[in-house]
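Please read them with the coordinates open.

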Amino acid sequence: MGKFDAMHRGHRSLAAAAAQMKPLGGGGENANSPLLLPPQPWLLSFSGMAEVLGWEPRRPLVAPCDRARVLGSWATACGGTAPRQRIVPFAAVRSMEPEEFVEALTNPREGLGARGVVVGEGHRFGKNASGDTRLLTELCERRGVSVRVVNLVRSFTKDVDGVGDCGGDIVSSSAVRDALAAGRVAAAAALLGRRYRLVALIPAADWQIALSSCSSSSGGSSSSLVIPDAAFLNQPPRGGQAYSAAATVAPAEARPVGASGVVDLRDVDVVFGSDSVSGSFAEIFLPPGSQWPRLPGDGTGDVRLTLDF
């Protein structure tokens with residue numbers, strides 16, 4: 001259970017622990033729960049927390065359309081099975097007392113029917129965060145549901161992929177966000193256990209206009225492309241400096257590289273900036289001799305641009 005904003009190495013360790021869990025005492029009446037049939041791990045996360053708690057709105061660290069890809073990449077750590085996610089509105093559980101929340105979590109008929117629960121150390125739950133891991137364990141085991149409390153992952157800790165060692169800080173979504181805000185994309189990647197992926201969704205008509213502007217401004221040699229900040233679905237790194245990235249351009253409905261219409265571009269340079277005319281934007285520079293693709297189709301729909309830092 002958690003917010004799972006960054007989907008970082010600590011979150012992956014929770015999923016890996018869930019994949020290894022066995023039902024307490026054989027599972028009892030939860031043995032055939034569709035939510036947690038072993039070895040299928042699930043991420044239970046809560047939506048709408050910012051709105052309910054009055055936090056300042058901000059973009060996520062993982063684009064919503066990219067979460068399935070990240071979960072798929074965790075399959076090796078989870079015994080060959082990619083985790084799935086279940087999202088519960090935070091407003092629906094915020095006022096629940098700890099006992100009520102655990103009942104909703106574990107009841108196989110009227111609740112989620114969880115057979116096992118994995119949380120990180122220091123996890124709090126229930127109204128006013130009044131429940132701790134000790135109480136969670138007590139309430140769940142009373143219902144025949146096993147609980148595992150996982151130690152927080154630190155950046156120097158070697159995980160299942162041997163990734164780590166960027167200073168010893170606790171791996172957290174806040175640490176990832178802070179690293180991006182400081183322009184430290186390598187540190188963000190070490191915390192995540194993968195390259196940081198930024199995703200933009202651009203109307204196909206706007207993509208064609210951008211290509212035309214790019215060609216005309218560079219004398220016909222399309223070298224750089226300007227993407228408005230509003231097109232990015234998740235948090236860009238700090239502006240004012242250049243980054244190296246691998247780019248992919250595809251129709252929004254296309255998935256893997258190599259599928260029809262997907263173009264894989266490597267070694268692009270990206271600069272995030274702003275001016276009084278364009279506002280905030282990203283300018284992406286191709287290597288000499290490269291061309292931006294004109295995707296097939298009728299000019300409708302969206303173009304998905306990904307940048308891996």
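1. Is aspartate 5 buried or exposed? Aspartate 5 is buried, because its relative accessible area is 10%, and the cut-off for buried is under 20%. Bear in mind throughout that this is a predicted model.

2. Look next at the partner of aspartate 5. Its side chain meets that of arginine 177 in a salt bridge, at 2.8 Å from N to O. The pair ties together distant parts of the chain: aspartate 5 sits in the segment before α1, arginine 177 in helix α7, and 172 residues separate them. Arginine 177 is buried too, with a relative accessible area of 10%. This is one of 8 salt bridges in the structure.

3. Now helix α1. It covers residues 9–20, which makes 12 residues. From first C-alpha to last it reaches 17 Å, close to the 16 Å expected at 1.5 Å a residue. Of its 12 residues, 9 are buried, so the rest of the structure largely encloses α1. Among the buried ones are Arg9, His11 and Arg12, along with Leu14 and several alanines, including Ala15, Ala16 and Ala17.

4. What covers the buried residues of α1? The cover includes strands β1 (42–47), β3 and β4 (146–150). Helices α7 (173–181) and α8 (185–192) are also part of it. Note that α7 is the helix that carries arginine 177, from point 2.

5. A second salt bridge is local. The side chains of arginine 134 and glutamate 138 meet at 3.2 Å, N to O. Both lie in helix α6 (residues 133–142). They are 4 residues apart, so about one helical turn separates them. Arginine 134 is exposed, because its relative accessible area is 54%, and the cut-off for exposed is over 50%. Glutamate 138 is partly exposed, at 35%.

6. A third one deserves a check on screen. Aspartate 308 forms a salt bridge with arginine 197, and their closest N and O atoms are 2.7 Å apart. Again the pair links distant parts of the chain. Aspartate 308 is in strand β10 (residues 302–308), arginine 197 is in strand β5 (residues 197–203), and they are 111 residues apart. Both aspartate 308 and arginine 197 are buried. They also belong to a network of salt bridges that links Asp66, Arg69, Arg197 and Asp308.

7. In what order do its strands run? The order is β5-β10-β7-β8-β9-β6, with 6 strands in an open, antiparallel sheet. At the edges stand β5 and β6 (224–228), each with a single partner strand, so one side of each has no neighbour in the sheet. From one strand to the next, the twist averages 35°. As background, strands of a sheet pair through backbone hydrogen bonds.

8. Strand β6 runs antiparallel to β9 (residues 279–285), and 5 bridges join the two. One point to locate is valine 226, whose bridge partner in β9 is glutamate 283.

9. Last, a loop residue. Asparagine 107 lies in the loop between α5 (98–106) and β3 (116–120). It counts as buried, because its relative accessibility is 16%. Leaving aside residues up to four places away in sequence, asparagine 107 touches Leu112 and Gly113.

Conventions. Residues are numbered from 1 along each chain as its sequence is written. This is a predicted model: local features need pLDDT of at least 70, side-chain atom pairs count only at pLDDT 80 or more; totals for chains, interfaces and linings use all residues. Side-chain values use heavy atoms; hydrogens and water are left out. Buried means under 20% relative accessible area, exposed over 50%, partly exposed in between (1.4 Å probe, protein chains only). Contact means heavy atoms within 4.5 Å. The expected span of a helix is 1.5 Å times one less than its number of residues. A salt bridge is a side-chain nitrogen of Lys or Arg within 4 Å of a carboxyl oxygen of Asp or Glu. Two strands pair if DSSP finds at least two bridges between them. Axes are lines fitted to C-alpha atoms, for helices over the stretch in contact, and angles run from 0 to 180 degrees between N-to-C directions.
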